[in-house]
Amino acid sequence: MKPTFYITTPIYYPSDKLHIGHAYSTTVADTLARYKRLRGFDVRFLTGTDEHGQKLQRKAEAAGKAPQEFVDEIVKGIRALWSRLDISYDDFIRTTEMRHKVVVQKIFSRLLEQGDIYLGQYEGWYCTPCESYWTERQLAGGKCPDCGGPVELVRENSYFFRMSKYADRLIKFYEDHPDFIIPESRKNEMLNNFLLPGLEDLCVSRMTFDWGIPVLEDPKHVIYVWIDALTNYITALGYLSDDSALRERFAHYWPADVHVMAKEIVRFHTIYWPIILMALDLPLPKQIVAHGWLLMKDGKMSKSKGNVIDPNMLIDRYGADALRYFLLREIPFGQDGVFTLEALMERLNFDLANDLGNLLHRSLAMVERFCDGIVLTPGAKTPLEESFEQLILESVANVEAAIERYDFSTALTSIWQIVRRGNRYIDETAPWALHKSQNEERISRVLYTVLDALRIVGIVLQPFMPRTSGAIWRQIGMQEGNGAAWELARLFGLLPTGMKLDKGEPIFPRLDVEKEIEALEALTNPVATASEPAAGLGVTDATATAGSAVTRIAAATQSATPLISIDDFSKIELRVGRILSAERIEKADKLLKLQIDLGFETRQVVSGIAKYYQPQDLVGQKVIVVTNLQPVKLRGVESHGMILAASSGDQLVLGTVSADIPVGSKVK
Ligand code: MSP
């Protein structure tokens, strides 16, 4: 029987669309799941959503929706995102599902009955965005120690979990299982900050909101989020299910091998979760693996800062594998990593286009040019090939070791050692010279060696970049399926000969960095997209071609929600303005900085029209300006407003008005 491997991601709050931070955790878990499957494990991979709690209830209210309706919509988007990112989960649990709710109630009842949960009085400081209660001592300068936001004092009857009863057992468990928490530094943090000073009992129910699972014995209370959330890992498998097949499934996969998450929820997973499991007499998970945060230059990603990167945007432009590669390669596992568009571009251009894409494409081009596209039976190996093979064997072993210690960046670097060596090997053997001297024996060997190395790269890349593996194999004439077995990465000469290959297209084309960064900057901040027409051209044009979008706003809105009400429209203030001056912006060949007279003030607007208008031709023109947009910075230059333009294909024309209407006039 295959050994089992049960891996989970956190269940995410469906309070907003997810960002690349969430995509990072899920990609990490997916990579491990794929790897373990390839290594012969019976893998179960769980992800899902954590749908209850006050914050969600409030968000739904603010959106004028019932909580269930509100979360349903967001969860749909989350599932779509995982499907686009090729997340190979086996199950998706939602805490609003009956299979979860019923079992959470059973768990609560059992803990109540055996005296682990008791009714008491709660007083504490609550941070709504973090869904966390804090004691006075834990606050940081009167603010939430996690997010730095305001906290409110709450006092009410609540059920409590007698955590202290299990503290000694947990400390002993840490001692006996030195690998329980990865990285180890977090273990010391848990011991010193929480366990050794004395564990406080945990409040596990609330009366101040009702969007949650009611306590069966006392339905005025709903079960507070962490008991509801953590138990997803066992309810999804079938713990305490009425269906015996599901109970068997639970017995088959539990305990979990790895719970993946970021550092801020380690406390819940390494203290409360093990104690809940002890109280239920269940074995504890084998490892809690915590990575760092993906940060932006100005700190953590957050909606309010407007610095959230939508993974869909990156998948649209570069594909799922490019995003997966970037996340896994760029961030040293366990540490925080700063996301920058520049770093993304470098990885895509250097590692994917120059190294990998180029190795494949130039090899195929040479097979086409020198061998009529046929993979010839290779001539004898020389010491050069022997040493290349040696490097491949070492790299594969390094990939395995690195994945086992969650060091994805090193694992990918090891694969790239093969890729880079492949490019050097071609430079050294110079097949073009061999062709000139008609050395067929050697040329067949060189090209075969490179293609066979690419076959191996395809195998070991599977956990990280599943689509790319498929694309490489297809181009070198391999069938997916058995040939993809991990063990075959250690054997050479398995690429069939005699096949005719087609050069095909480069799998990772080189990107124009400046153009991409401009476009991404505009897309990152939706306001920026609207206020900076041509920078977002690649995307807005797609919606505009169907009939010349009249305005960028119309184009952008069209793609998101097809119809808006008159009230929505009336939120946009449009006025006539006269362009007083226009100048180019250094290093941004699409942008012009405009000063616009609105009658009551002069506005600076940055507009992506440099390709269509000479600055001097604009001076004096009367244009329509969106005047109530939030200011944004484009390429470091403040832009407060946007001018309207019509575009179709390569054409763009400013929306102008008759000369005799005064500046400042409203356009309705
Ligand atoms: N619902 C709880 C988790 C319950 S698990 C039983 C929750 N949800 S969350 O939506 O806030 O997701 C937090 C998790 O999302 C983090 O632990 C991490 O896995 C991921 N990330 C969210 N933002 C992130 C970054 N900026 N960087 C890295 N990971 C990020 O907490």
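Predicted model: local features only at pLDDT ≥ 70, side-chain atom pairs only at ≥ 80, totals over all residues.
Residues are numbered from 1 along each chain as its sequence is written, and side-chain values use heavy atoms, with hydrogens and water left out.

**Cavity**

Rolling a probe the size of a water molecule over the atoms shows where empty space is left. On a 1 Å grid over the protein atoms alone, a cavity is a set of points where a 1.4 Å probe fits but cannot get out; a pocket is an open set with protein on both sides within 12 Å along at least five of seven lines; lining residues have an atom within 4 Å of a point. Points are joined across faces, edges and corners, and a volume is the space filled by probe spheres set on them.

The structure holds 1 cavity of 30 Å³ or more. Among the residues lining the largest cavity are Val367, Cys371, Ile443, Ser444 and Leu451. Helix 13 (341–371) and helix 17 (440–461) each give two or more residues to this lining, and helix 17 has the largest share, 5 residues. Helices (H or I, at least four residues) and strands (E, at least two) are DSSP runs, numbered from the N terminus.

**Second largest pocket**

The second largest pocket holds about 1300 Å³ of space. Of its 43 lining residues, Tyr13, His19, His22, Lys55 and Lys300 lie nearest its centre. Helix 1 supplies the largest share of that lining, 4 residues.

The table gives the linings by class. Ala, Val, Leu, Ile, Met, Phe, Trp, Tyr, Cys and Pro count as nonpolar, Asp, Glu, Lys and Arg as charged, and the others, Gly among them, as polar.

| Lining | Nonpolar | Polar | Charged |
|---|---|---|---|
| Largest cavity | 9 residues | 1 residue | no residues |

**Ligand**

The ligand is surrounded by 23 residues (a heavy atom within 4 Å), the closest being Ile11, Ser25, Asp50, Glu264 and Leu294. Oxygen atoms of the ligand lie 2.5 Å from a polar side-chain atom of serine 25 and 2.8 Å from a polar side-chain atom of glutamate 264. The protein buries 94% of the 660 Å² that the ligand exposes when taken alone (accessible areas by the Shrake-Rupley method with a 1.4 Å probe).

Note on methods: Polar contact = N/O pair within 3.5 Å; in protein donor to acceptor, adjacent residues only side chain to side chain.
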